[in-house]
Each structure stands twice: as C-alpha cells, then as structure tokens.
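Hi,

Here is the structure I promised to pass on.

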Amino acid sequence: MLTAKFDQVLTWLFLGILLLKVFCLFDAAFRREDAYRAADKKKKSFWLILLGIAVVVDVLPTGGLGLMFTLAGLVAAIVYMVDVRPALKEVGGRRGGGRNNMGPYGPW
C-alpha cells in the first residue's frame, strides 16, 4: 500500500518535471533570436536543442541512466527559467514586441 502511494507520487513528480520542460521548450521557441543576443545569452538554437533533448529523454523509455538524464534536463530547464527567461523578458524577447510595463508613476 505504501509503495503504491510512493509510486503515484513519483509519477506526478515526473509528470510535473516533464510539463516544466515542455513549457520551457515552447517559451524558448517563441522568443526572438535577437533577444538572446541582446540579453547576452546562448543562441536560441542552443536552448531549443538542449530543452528538446530534455523533453525527448523524458518521453522515450530509457534504461538505467534515464534518471540521470531526467535530472540533467531538469537542471537545464531550471537554468532557463531563472536566468535566461527573465533576461529575455527584460529586453522584450517575445515575438511581436515586448510589453511596456511602465505606468504613469514608474514600473508596475
């Protein structure tokens, strides 16, 4: 009974990790190429390949090294979320231009 609950928790945890990686992949895909250069980050193609491999490794059945690759992909997704994505948002890296979050008295 306890192991079944633990397996269920692990399943939800790995699903959450996969969803984070997919979100990062789609977010990286919809950012402009020049925003990566303006933010002084790696190229867009680098992040797309890295995050794409991370998603594929999670989707495909892997052997004993699967957990290691899952954690490595998780680290890449976390680095994208906490370092690259905020820098891209700061330079207005969304396709179609960034939003101007300036109100009449400053940023909001």
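Predicted model: local features only at pLDDT ≥ 70, side-chain atom pairs only at ≥ 80, totals over all residues.

Let's start with helix α1, which runs over residues 2-29. How far apart should its ends be, and how far apart are they? At 1.5 Å a residue, its 28 residues should span 40 Å, and the end C-alpha atoms sit 41 Å apart, so the two agree.

Which residues of α1 are buried? They are I17, K21, C24, D27 and A28. The cover over them includes α2 (33-38), α3 (44-59) and α4 (66-90). The spacing of that list is worth a glance with helix geometry in mind: an α-helix has 3.6 residues a turn, so residues three or four places apart point the same way.

Together with L15 and L19, W12 makes a nonpolar surface patch of about 350 Å².

K21 is buried at 0% relative accessibility, and its side chain meets that of D58 in a salt bridge, 2.8 Å from N to O. D58 itself is partly exposed, with a relative accessible area of 21%; the cut-off for buried is under 20%.

The other one is D27, which counts as buried at 3% relative accessibility. D27 forms a salt bridge with R31, and their closest N and O atoms are 3.1 Å apart. R31 is buried as well, at 3% relative accessibility.

How many salt bridges are there by the rule used here? The count comes to six. Another one of them joins R32 and D34, with the closest N and O atoms 2.9 Å apart. R32 is partly exposed with a relative accessible area of 25%, and D34 is partly exposed too, at 35% relative accessibility. Salt bridges that share partners also link D27, R31 and R85 into one network.

On to the rings. A search of the whole structure turns up two aromatic pairs. One of them is F46 with W47, an edge-to-face pair at 5.3 Å centre to centre, with 85° between the planes. Are these two buried or exposed? F46 is partly exposed, with a relative accessible area of 36%, whereas W47 counts as buried at 6% relative accessibility.

One last thing, about the backbone. Most residues other than glycine have a negative phi, and most peptide bonds are trans. D40 has a positive phi, near 60°, though it is a residue other than glycine. Where is D40 found? It is in the loop between α2 and α3, and D40 is exposed, with a relative accessible area of 69%.

That's it from me. Over to you!

Notes:
Residues numbered from 1 in each chain as written. Heavy atoms only, no water. Helix = DSSP H or I, 4+ residues; strand = E, 2+ residues; numbered from the N terminus. Expected span 1.5 Å × (residues − 1). Buried < 20%, exposed > 50% of the residue type's maximum accessible area, 1.4 Å probe, protein only. Contact = heavy atoms within 4.5 Å. Patch = residues over 30% accessible without salt bridge, like charges linked within 9 Å, V, L, I, M, F, W, Y side chains within 5 Å. Areas by Shrake-Rupley, 256 points an atom, 1.4 Å probe, with all protein chains shown as cover. Salt bridge = Lys/Arg side-chain N within 4 Å of Asp/Glu carboxyl O. Phe/Tyr/Trp six-rings, centres within 6.5 Å; stacked < 30°, edge-to-face > 60°.
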